[in-house]
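I opened this notebook to record what I looked up in one structure. The entries follow the order in which I made them.

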Amino acid sequence: MTSLHTYHRGDGLPVVLLHAFPLDHRMWDDVAAALPATRPIHAIDLPGTPGHDDQLPPPSLDTSALRVADALAGAWIERAVVVGLSMGGYVALALAERHPELVAGLGLVDTKSVADTPEAAANRLRIAQEVESAGTVDAVRPMVKALVGETTLAARPEVADRVEAWIGAQPPAGVAWSQRAMATRPDRTRVVADLSVPVTVVVGDEDGLTPLAQAEHMVAASATALLVVVPRAGHLSAVEDPETVADALEELAVRAEQGA
Ligand code: MLT
């Protein structure tokens, strides 16, 4: 079964969107709608999402990256602009490390290239255990308040409601799997530094999970990265301000097409 969800088909360089944790491809719906209809747009449901939570392999974001490579091969996509938000960015970096030939441009949205601290990794393992023993995703529901920025939470609570519904739809086994997979990921700042294709780093100025300093760390490592700061958006800038994020991604896709 393919995990590739196609929003648009067209003749240009495809854009492939990788979602955050604990969400799925639906978090990209509004960005896809805001991108030009002529731009091929696909989003991939990573392991652990609804329908992709059976017989999960040992937890690893490298496995997620290989599943992305398989999904691209299954859709006959040889090269794409790969965009990941947060966990999706960790997977995009793993893909760029293992399959650089697939990556024509890289969009790193509200994410970071560094590994977890030992405390953060231990916290993930604790949450994985809790979700598994409870058999519900209740332990990660409160994340919605950290994912959505304070301006959006105050002015558009319906956005947070939408995100919470997505979280509530995730399978507990998949949530546990992703937490364990993220806990073991290495520092991939070197991957950002080694890429010669265009890179765009996007961050909401209210992102408290992967704040501006993390974005600046990646931009400083890269010879090709541009930084886009999204005003009044939190960690889910793509959900909170899809037009601004879509503009940044289309600009990245054009740079990648020009080989800039
Ligand atoms: C995400 O949005 O994907 C998560 O916040 C990533 C993480 O827990 O590091």
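Predicted model: local features only at pLDDT ≥ 70, side-chain atom pairs only at ≥ 80, totals over all residues.

I took helices (H or I, at least four residues) and strands (E, at least two) as DSSP runs, numbered from the N terminus. Residues are numbered from 1 along each chain as its sequence is written.

Entry: loops.
I found Q55 in the loop between β3 (41-44) and α2. Q55 has a positive phi of about 45 degrees although it is not a glycine. I noted that most residues other than glycine have a negative phi, and that most peptide bonds are trans. I then looked up P22, which sits in the loop between β2 (15-18) and α1 (29-34). The peptide bond from F21 to P22 is cis, with omega near -5 degrees.

Entry: the ligand.
Which residues are around the ligand? I listed A20, F21, S86, M87, M182, L209 and H235, counting a residue as near if its C-beta atom, placed from the backbone, lies within 6 Å of the molecule. This shell divides into five nonpolar, two polar and no charged residues. Here Ala, Val, Leu, Ile, Met, Phe, Trp, Tyr, Cys and Pro count as nonpolar, Asp, Glu, Lys and Arg as charged, and the others, Gly among them, as polar.

Entry: α2 and α3.
Helix α2 (residues 61-74) packs on helix α3 (residues 87-98) at an angle of about 70 degrees, their axes 8 Å apart; axes are lines fitted to C-alpha atoms, for helices over the stretch in contact, and angles run from 0 to 180 degrees between N-to-C directions. The two helices are therefore roughly perpendicular, a term for angles of 65 to 115 degrees. In α2 the contact includes L61 and V68, and in α3 it includes Y90 and L95; contact means C-beta atoms, placed from the backbone, within 7 Å. By class, I recorded eight nonpolar, one polar and two charged residues.

Entry: α4 and α8.
The axes of helix α4 (residues 118-134) and helix α8 (residues 172-183) come within 8 Å and cross at roughly 165 degrees. That makes α4 roughly antiparallel to α8 (angles over 145 degrees). Their contact has 10 nonpolar, one polar and three charged residues.

How values were computed:
Parallel < 35°, antiparallel > 145°, perpendicular 65-115°, else oblique. Contact = placed C-beta atoms within 7 Å.
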